[in-house]
Amino acid sequence: MLSTPATLAISLFLIIPVAATISVTFSEPEGLFVPYSAFFDSAFQRTVLWRTFEVAAIATVVSVVFGLLTAYVVSRCPPWMKSVLIVLAVFPLLTGVVVRSFAWLIILGRNGILNNFLQWIGAIERPLSMLYTQTSVIVALIYIFVPLMILVLIGVLENIPDDLLQASSSLGASPTATFFQVVLPLAVPGLIVGAVLVFTASFTSYATPHLLGGSRQMMMGTFLHQRAMTSFDWVSASTVAAIMVVVIVTTVLVMTRLARRLNPMAS
Amino acid sequence: MTLPLSIDQITAHYGTTKVLEDLSLTVGDGELVSLLGASGCGKTTTLRLVAGFLQPTSGAIRLGDKDLTRLPAHGRDIGLVFQNYALFPHLSVKNNVAFGLKQRKLASGERDKRALEMLDRVGLAHLADRLPGELSGGQKQRVALARALVIEPPLLMFDEPLSNLDAKLRVDMRVEIRQLQRANGTTALYVTHDQEEAFSISDRVAIMNSGRIMQLDTPETLYQRPANKFVAHFVGFENLIDLQVTARDGEMVHAQTHDGGKITLSQERLGAIPDAFVLATRPDGLVVTNDASATGLPATLGMRTYLGRAYQYQCQTGAGQLIANGSLATPFESGAQVTLVPNPDQCAILQPE
Amino acid sequence: MATRIHPLLILMTIVVYIFLIGPLIIIFGASVSDTTFLAFPPQGLTLHWFENIWEISAFRRTIVTSFQVALLGTAMALLIGIPAAYALNRHRIQLPGWLSTLFVLPILIPEIVIGFSLLRSINVGLGVPVFFALLIGHTLLVLPYVIRVISASLASFDFSIEEAAISLGSRPVKTFFTIVLPNVRSGILAAFILAFITSINDVSVSLFLTGPGISTLPIQILAHVEQFFDPTIASVSVLLMMLTIIVMIIVERTLGLTAVTK
Ligand SMILES: Nc1ncnc2c1ncn2[C@@H]1O[C@H](COP(=O)(O)OP(=O)(O)O)[C@@H](O)[C@H]1O
Ligand SMILES: [Mg+2]
């Protein structure tokens, strides 16, 4: 069968290894859930999990809001300008996460452009330490995911037939009313899909929290790496991995179901 | 070379759903038979079985004395014309037509020569180097026809070849298809959901419903002597009236509906009438009259619509709602009490089902 | 439709785009700065940091590895992904429903978990050399993109064209290569480019699948930043951005860039 090689590859190199990782966490001689109770008993590890949720959630909400408004403007632009704006969003998207996170290292560093600028205008006397804070991680994640949201949502908005917008304004709705009463409800399923993408990618990110959060702002990704490669505690690392899988799979399943239910264009 | 096709008691499934049941059909040498029926009745499925894109669950398909049933599709040597043309978008018109010859390992000079000859026959030789995307719908269908004909297949099959064309072109193209098929004497199986198209192009027509053939006959027979209620309704006998013979008087037959409406028919015009039968009439087959002495079904007229050549009435009778046409000269008002008298020229006798 | 857009929205859009592009310009500035620490705006101009990339052997090696892994991994993903996408589109009814779910699993499972699990099972568990584990990881990473993009392309392919070829006597396998593939060329190109870029930029899968002498460029960048805070990384970043620009030009020439929102 033609799909056999792909099926085999995914089974052998994805399902079995990931299942093995998860099953390790249930095979401790002391008891079934010991690695999990160890994880949740530790205030530090709970903080890491909570911080990851918080950072991912804030980054998602901000990316969605700015992504939607920008996509709306872009999709209403004349064709040539739209092409330019799409290209300007694609470029950062295709540039790697490492490079884009690194940019914020330059901006937010002690001798970075932001400190220089603030000192130059006299707002501060000595450089602020802006790196390795929760905010620096969130800003960089927003920076990374806004282009993705813009492009996803341009696609969503362009799928809304122009007829509907014309019908709406012919019935006397102002552009703002049309946006909130016609465009937004129709865009909700696409918004949810985009938000899920951003949330899951933020939740599992490594490079950004590594560069901009360091060991002070440990998130699940960096914590997994630290457990595995610095502490060499593979059971603990596997536990972190299993928790990530559960969070992501649950989020995706719940949200895609919600998106399907809220889709007014579905029959 | 051209061969008769015979489909013998074919049953076919998609997954677990049965789409064809015990379907049998023969197309004589050089004959054109149409499959006619509503969308989803299994016409395309029948073609796909013959073409070899689908395996029947049971039954056999023969072309001449060759059993096709287990032959792979690429070895069946059947010319196919699709609804959406299915031209190879990346090949020129000439290479589209030459494609089948290439598979038959003809030298390239010979291929081009034959392809151009065939394109000339469909009047498109001047477009040989274009890509299909640059052609109009009618031109595309001509290329598809040339491509199917050039391999000189013993059997040609068409799946709604004209339904993507506009009305005027449809009529021209069907004449063209018929002429090419006649000229080559190729056996042909033609699928359409358009009754006029089927009747005008075919030697015989198979009317299909839910994966079965309801009747296979010449267009004239189908139109005048439908064999069952389905076919009768399909060809426009909109009124189906259940009747019981009460008396016979030579060739004259007196019959009655279950609620007592009386009708008199002549076997001379309609053939033998059994004791229990169904009278099928077109709207023109019921004459609306207010002559109280006429023998017919009493009716109350409902809504009247204007057809241009006649008025049409919804008629409430003891045998149910019937549709009758009345002359423009004597319009009746809604609510009028009238009598509906059958006109044997627009009637057919069916067995009760 | 030309509706009026609120001036505040336009202002916001301008700010968003400055936010998007500004940092990339800053990297460019930093890459030609003649200070030994990362500074912007640059005090004096130099190309020294670009030369420095070639002097550091770890960069030379990882650039080669990254390209090898991206090209081979993408090729393998195409090799198994194209038939899978074809089967999904051509024989959807005959295939079990879980199959298409299976093919999106690599997207659903966090990349970092895939990398870690491959390290445990394949690299440490089975002793598969690091390079091959890395290759497997990248193949899995890009496989869902390949299947999705090519499926989208096949979804608009009219399979009666394939049947027409077969009815004219062309064997099914030959038909696939002479009729189907030429008509999904642009889908394959799009899949290739998307997969290549994803693979070249990947951190999370590669993170655990590196070993002595074998690493990828993004991982090497992370390692370098930990030790040195000099503009070499900025110049590497500029090189990567140039690669992105080249890719975008290829996409524009072949597919048209607006295809990305489809
Ligand atoms: N690929 C398919 N998978 C499942 N069912 C199909 C498929 N193709 C057709 N069918 C079903 O088989 C029946 C017959 O279809 P078809 O032969 O295409 O009808 P027609 O050509 O007369 O419109 C329909 O009910 C249709 O829904
Ligand atoms: Mg059909």
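Okay, let's start with chain A: going from the N terminus, its elements read α-α-α-α-α-α-α-α-α-α-α-α. That's 12 helices and 0 strands, where helices are DSSP runs of H or I with at least four residues, strands are E runs of at least two, and numbering goes from the N terminus. Along the principal axes, the C-alpha atoms of chain A fill a box of roughly 70 × 65 × 35 Å.

Quick housekeeping. This is a predicted model, with local features needing pLDDT of at least 70 and side-chain atom pairs counting only at pLDDT 80 or more, while totals for chains, interfaces and linings use all residues. Residues are numbered from 1 along each chain as its sequence is written, chains are lettered from A and ligands numbered from 1 in the order in which they are written, and side-chain values use heavy atoms, with hydrogens and water left out.

So, who touches whom? Contact here means heavy atoms within 4.5 Å. There are 2 pairs of chains that touch, and the most contacts are between chains A and C. Chains A and B don't touch, and their nearest C-alpha atoms are 17 Å apart.

Let's take C against A. On the chain C side 73 residues take part, and on the chain A side 79. As you know, the size of an interface is often given as the accessible area lost when the parts come together. For chains C and A the buried area is about 7,000 Å², with carbon and sulfur atoms giving 83% of that; buried area is the accessible area, with a 1.4 Å probe, that two parts lose on being put together, summed over both.

How many salt bridges cross between chain C and chain A? The rule finds 0, and the rule is a side-chain nitrogen of Lys or Arg within 4 Å of a carboxyl oxygen of Asp or Glu. What the interface of chains C and A does have is 7 residue pairs in polar contact, both residues at pLDDT 80 or more. A polar contact is a pair of N or O atoms within 3.5 Å; within protein, one must be able to donate a hydrogen and the other to accept it, and residues adjacent in sequence count only if both atoms are side-chain atoms.

Several helices of chain C supply at least two residues each to the side that touches chain A, among them helix 1 (7-31), helix 3 (57-90) and helix 11 (232-254). Helix 1 of chain C gives the largest share, 13 residues. By class, that side of chain C has 60 nonpolar, 10 polar and 3 charged residues. For the classes, Ala, Val, Leu, Ile, Met, Phe, Trp, Tyr, Cys and Pro count as nonpolar, Asp, Glu, Lys and Arg as charged, and the others, Gly among them, as polar.

Now B against C. Here 20 residues of chain B meet 19 residues of chain C. Together they bury about 1,800 Å², 62% of it on carbon and sulfur atoms. On the chain B side, B:His74, B:His90 and B:Gln103 supply 34% of the area buried against chain C, more than any other three residues.

This interface of chains B and C has 1 salt bridge. B:Arg48 pairs with C:Glu163, and their closest N and O atoms are 2.6 Å apart. There are also 8 residue pairs in polar contact between chains B and C, again with both at pLDDT 80 or more. On the side of chain B that touches chain C, strand 6 (78-81) and helix 2 (93-103) are the elements giving two or more residues. Helix 2 of chain B has the largest share, 3 residues. That side of chain B divides into 12 nonpolar, 5 polar and 3 charged residues.

Where does ligand 1 lie? Between chains B and C. The residues around ligand 1, meaning those with a heavy atom within 4 Å of it, include B:Tyr14, B:Lys43, B:Thr44 and C:Ile93. Helix 1 (residues 43-51) of chain B provides the largest share of that shell, 3 residues, and the shell divides into 5 nonpolar, 5 polar and 1 charged.

For distances, an oxygen of ligand 1 is 2.4 Å from a side-chain N or O atom of B:Thr45. A polar backbone atom of B:Gly42 is 3.0 Å from a ligand 1 oxygen, and for B:Cys41 the backbone distance is 3.3 Å.

B:Glu31 is in the loop between strand 2 (17-27) and strand 3 (32-36) of chain B, and B:Arg204 is in strand 9 (residues 204-209), so the pair ties together parts that are 173 residues apart in sequence.
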